[in-house]
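Good morning, and thank you for coming. Please take a moment to look at the sequence and the structure before we discuss how the parts pack together.

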Amino acid sequence: MRNETRGTVELTLAMVLSGTLGIFVVESGASPFNVVFFRCLFGAAALGAYSLVRGYFTGHGLTPRKFGLAALGGVFIVFNWVLLFEAYEATSISFATVVYHTQPFFLVVFGAVLFRERITAATFGWLAVAFAGLVLVSGIRPGDTASLKGLGLALGAAVLYALSTIVTKRITGVRPHLIALVQVLVGLPLLLPFADFGAASELGADWGWLVGLGVVHTGLMYVLMYAAYAKLPTAKIAVLAFTYPAVAMGVDWAVYGHHIGLVQALGVPLIVLAGLKVTLARARAAAPAPRTAGRAPEAASPVATRVG
């Protein structure tokens, strides 16, 4: 199997796994804080074991500054999960996932505000398209407090993930597996005050869903993604990343009977297309010169933040 073909298979599988994440969250029956705490616990065990077997702890490259940045990114990513899973409860997996994919636009805004990155006229245009799509997808009617709450939670999750991306991009020379490991480890003391161990002890067989979130949707999924990133061009990564919302919407309909209405459905392709265009534009702007491309220091790919 050719290298790029193998990477395509790996990333597609990772995105399909990501699209089923919502089922594990809902079926566990646990509160969002408990779900994220145990996702961090089991995810840290899976990523730690993989990194140990692969020898990634030798010459890890983590300096105090890089560790601090990874930990800060972990704060954002952990509470991003909490808000996203709260959004699942408030509305539906489909609705929350589509709104959540406004992440690229917050990256553009933060880049302009924090780093004075120039926003081109084309990017402004795609931002307008995305906003129109968001208005259609929200489909909020007067008195529809559940949808309004879900919209706010999903947008909050997107903001936090964008912040995590900005911080993580500042880390170079460290394997992304180790960055992810630091981030989930940070989640344990952060969420410990909010975890309800009494409720967790009554989950019974539903513990399997939480173990799956850590081992499959954090350990295996991230290993597949990072393996694929090394084999694929950025454009292909950006395109394949949209497998995630497509699978999530299909699964939500098949399992729970949730679907986005006709008017809302008109907004989905607007958000997807605008997000893809903005992501590709940012990737081209950030691409290293051909002479140095092969020597670029290893860091977590920004596209990695496109999943839950």
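Predicted model: local features only at pLDDT ≥ 70, side-chain atom pairs only at ≥ 80, totals over all residues.

The axes of helix 3 (residues 32-54) and helix 11 (residues 207-229) cross at roughly 45 degrees and come within 8 Å. Axes here are lines fitted to C-alpha atoms, for helices over the stretch in contact, and angles run from 0 to 180 degrees between N-to-C directions. Helices (H or I, at least four residues) are DSSP runs, numbered from the N terminus. Helix 3 and helix 11 are therefore oblique to each other; angles under 35 degrees count as roughly parallel, over 145 as roughly antiparallel, 65 to 115 as roughly perpendicular, and the rest as oblique.

Residues are numbered from 1 along each chain as its sequence is written, and side-chain values use heavy atoms, with hydrogens and water left out.

Which residues make the contact between helix 3 and helix 11? Among them are Val35, Phe38 and Arg39 of helix 3, and Trp207, Leu210 and Val211 of helix 11. Contact means heavy atoms within 4.5 Å.

Helix 11 also packs with helix 2 (residues 21-28), at an angle of about 155 degrees and with the axes 8 Å apart. That makes helix 2 roughly antiparallel to helix 11. On the side of helix 2, Leu21, Ile23, Phe24, Val25, Glu27 and Ser28 meet residues of helix 11 including Trp209 and His217.

The largest nonpolar core has 76 residues, of which Leu11, Val36, Trp81, Leu84, Phe85, Tyr88 and Tyr222 touch the most other members. Such a core is a set of buried Ala, Val, Leu, Ile, Met, Phe, Trp, Tyr and Cys residues joined through side-chain atoms within 4.5 Å, where buried means under 20% relative accessible area (1.4 Å probe, protein chains only). Helix 4 (residues 64-90) gives the largest share of this core, twelve residues. Leaving out residues up to four places away in sequence, Leu84 touches Ala96, Tyr100, Ala157, Tyr244 and Gly308.

Finally, helix 9 is largely enclosed by the rest of the structure, since 13 of its 16 residues are buried.

Key. Buried < 20%, exposed > 50% of the residue type's maximum accessible area, 1.4 Å probe, protein only. Helix = DSSP H or I, 4+ residues; strand = E, 2+ residues; numbered from the N terminus.
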